[in-house]
Amino acid sequence: MINVPIENGVYSCEYSFESQTSSDCSHLNNFIFNTNDGMFSWTPDYSQSGIYNIVITSPTGKKNKFLIEVAKKNAAPEISVVSSPAQY
């Protein structure tokens with residue numbers, strides 16, 4: 001959790017993924033952002049692995065920038081159907 005001093009007004013959050021153009025953080029699955037205090041929580045899933053540049057902007061325009069790297073680990077196992085068990 002990242003703590004920043006709370007300012008009165010509305011906070012905004014943007015991200016870019018792997019050097020792509022910025023988007024609103026609301027487009028990230030499982031990302032919860034509080035526009036009143038700039039706090040967030042995020043539990044990314046396996047498909048969201050990569051490096052994210054996050055920018056939280058305060059009501060006065062101060063930008064807090066940081067990177068989040070989501071590792072590609074702990075994927076759920078996959079089961080495939082064997083059409084002809086005699087082959088194995």
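This report describes the sheet, the aromatic pairs and a few individual residues of a predicted model.

The model contains an open sheet of four strands, ordered 2-1-5-6, with antiparallel pairing. Strands of a sheet pair through backbone hydrogen bonds, in either a parallel or an antiparallel sense.

Strand 1 (residues 12-17) is paired with strand 2 in the antiparallel sense through two bridges. The bridge partner of E14 is D24 in strand 2, and Y15 stands opposite S23 in that strand. Strands 1 and 2 make up a hairpin with five residues between them. In the turn, E18 has a positive phi of about 50°.

Strand 1 also pairs with strand 5, again in the antiparallel sense, and here the pairing runs over six bridges. F17 has Y52 of strand 5 as its bridge partner.

**Aromatic pairs**

The count of aromatic pairs comes to six. In the pair F40 and F66, the ring centres are 5.8 Å apart and the planes lie at 5°, so the pair is stacked. This pair links distant parts of the chain, with F40 in strand 4 (residues 40-42) and F66 in strand 6, 26 residues apart. F40 is partly exposed, at a relative accessible area of 21%. F66 counts as buried, at 17% relative accessibility. The cut-off for buried is under 20% relative accessible area, so the value for F66 falls on the buried side.

W42 and Y52 form an edge-to-face pair, 5.0 Å from centre to centre with 85° between the planes. W42 in strand 4 and Y52 in strand 5 are 10 residues apart, and this pair too links distant parts of the chain. Both W42 and Y52 are buried. The two pairs are set out below.

| Pair | Centre to centre | Angle between planes | Arrangement |
|---|---|---|---|
| F40 and F66 | 5.8 Å | 5° | stacked |
| W42 and Y52 | 5.0 Å | 85° | edge-to-face |

Ring pairs join Y15, F17, F31, F40, W42, Y52 and F66 into a cluster. Apart from its neighbours within four places in sequence, I68 is in contact with F40, W42, G50, I51, Y52 and I54. I68 and S49 are 19 residues apart in sequence, and their C-alpha atoms are 9.9 Å apart.

T57 belongs to strand 5 (residues 50-57) and is buried, with a relative accessible area of 13%. Its side chain makes a polar contact of 3.4 Å with the side chain of K63. With neighbours within four places in sequence left aside, T57 is in contact with V10, Y11, S12, K62 and K63.

D37 sits in the loop between strand 3 (31-33) and strand 4. Which side chain of opposite charge is nearest to D37? That side chain is K62, 15 Å away. D37 is buried yet has no salt bridge. The cut-off for a salt bridge is 4 Å between a side-chain nitrogen and a carboxyl oxygen. The D37 side chain does reach the backbone nitrogen of M39, at 2.9 Å.

Key
Residues are numbered from 1 along each chain as its sequence is written. This is a predicted model: local features need pLDDT of at least 70, side-chain atom pairs count only at pLDDT 80 or more; totals for chains, interfaces and linings use all residues. Side-chain values use heavy atoms; hydrogens and water are left out. Contact means heavy atoms within 4.5 Å. Buried means under 20% relative accessible area, exposed over 50%, partly exposed in between (1.4 Å probe, protein chains only). A polar contact is a pair of N or O atoms within 3.5 Å; within protein, one must be able to donate a hydrogen and the other to accept it, and residues adjacent in sequence count only if both atoms are side-chain atoms. Rings of Phe, Tyr and Trp (its six-membered ring) pair if their centres lie within 6.5 Å; planes under 30 degrees apart count as stacked, over 60 as edge-to-face and the rest as tilted. Two strands pair if DSSP finds at least two bridges between them. Lys and Arg count as positive and Asp and Glu as negative; His and the chain ends are not counted.
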